[in-house]
Amino acid sequence: MIKKLSDTPTTCRKTKMIYIARLLFLFLFLKIGIVSATSMYSQVTTLSLNVNSKSVKDVFTEIEKKTEYVFFYYDDVLDVNRKVNISVKEQTLDKVLEQLFADTDNTYYIEDKQVFIAKAGAEAAIRQQQKGLAVNGTVVDAKTAETLPGVSITVKSFTTCF
């Protein structure tokens, strides 16, 4: 039987390894591109607004229509009925929000495509709430004070007031 040089097991393995390495490189390159595109959304997305005597809530609605951002706030933290005038052309969202919250006690925090509105100085509380609340401890029987094995805790409703 005559074998061709390309049919040897060593050559086949090398060819397969090169093929796999190329695929891995391609997937890595695509993954890096996707991650950088996602994190840059807030830096490259611009919008134009020309709003006269509209409520803050109407401004949020207009921004949500023009972009992929969603606003989160408590009614008692933000006066959504306050009338504002904003005129911006091709500005990033943070520039628009700086104008919107000028001379107020509100601040904002942008995480991905979500905008959280809070009282000034509460940004750290917003970030903590986004990361989640860690609960540590031991569950004991109320009568015997013995540790209860296999018990887990679920937080049903958790809200933070800003």
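Colleague: What should I know before reading the numbers?

Modeller: This is a predicted model: local features need pLDDT of at least 70, side-chain atom pairs count only at pLDDT 80 or more, and totals for chains, interfaces and linings use all residues. Residues are numbered from 1 along each chain as its sequence is written, and side-chain values use heavy atoms, with hydrogens and water left out.

Colleague: How confident is the predictor in the protein chain?

Modeller: pLDDT is the predictor's confidence in each residue, from 0 to 100. Its mean for the protein chain is 76. Of the residues, 68% reach 70 or more. Helix H5 (residues 123-131) has the lowest confidence, at a mean of 57. H3 has the highest, at 91. Over residues 158-162, pLDDT stays under 50.

Colleague: Which helices and strands does the chain have, and what makes a run count as one?

Modeller: They are DSSP runs, numbered from the N terminus: helices are H or I with at least four residues, strands are E with at least two. The protein chain has 5 helices and 5 strands. Along the sequence, the pattern is α-α-β-α-β-β-α-β-β-α.

Colleague: Why is Thr-67 called buried?

Modeller: Buried means under 20% relative accessible area, exposed over 50%, and partly exposed in between (1.4 Å probe, protein chains only). Thr-67 has 10%, so Thr-67 is buried. Thr-67 sits in the loop between helix H3 (56-66) and strand S2 (70-72).

Colleague: Why does Ser-55 count as buried, and what does Ser-55 touch?

Modeller: Ser-55 has 8% relative accessibility, so Ser-55 counts as buried. Ser-55 lies in strand S1. Contact means heavy atoms within 4.5 Å. Not counting residues up to four places away in sequence, Ser-55 touches Val-80, Asn-81, Arg-82 and Lys-83.

Colleague: Is Asp-103 buried or exposed, and how do you know?

Modeller: Asp-103 has 85% relative accessibility, so Asp-103 counts as exposed. The loop between helix H4 (93-100) and strand S4 (106-111) holds Asp-103.

Colleague: And is Asp-112 buried or exposed?

Modeller: Asp-112 has 54% relative accessibility, so Asp-112 is exposed. Asp-112 lies in the loop between S4 and S5.

Colleague: What is phi in Asp-103 and in Asp-112?

Modeller: Phi of Asp-103 is near 65 degrees, a positive value. Phi of Asp-112 is near 60 degrees, also positive. Most residues other than glycine have a negative phi.

Colleague: How do you know that the buried residues of H3 line one face?

Modeller: The buried residues of H3 are Val-56, Val-59, Phe-60 and Ile-63. Seen down the axis of H3, they fall within an arc of 100 degrees, so they line one face of the helix. The arc is that of the directions from the helix axis to the C-beta atoms. These residues pack against strand S1 (46-55), S2, strand S3 (83-92), H4 and S5.

Colleague: What makes the buried residues of H4 a one-face set?

Modeller: Leu-93, Val-96, Leu-97 and Leu-100 are the buried residues of H4. Seen down the axis of H4, they fall within an arc of 95 degrees, so they line one face of the helix. They pack against S1, H3, S2, S3, S4 and S5.

Colleague: What makes a set of residues a nonpolar core, and which members touch the most others in the largest one?

Modeller: A nonpolar core is a set of buried Ala, Val, Leu, Ile, Met, Phe, Trp, Tyr and Cys residues joined through side-chain atoms within 4.5 Å. The largest has 22 residues, of which Phe-60, Leu-97 and Leu-100 touch the most other members. S1, H3, S3, H4 and S5 each give two or more residues to this core. Leaving aside neighbours within four places in sequence, Leu-100 is in contact with Val-56, Val-59, Phe-60, Arg-82, Val-84 and Ile-86.
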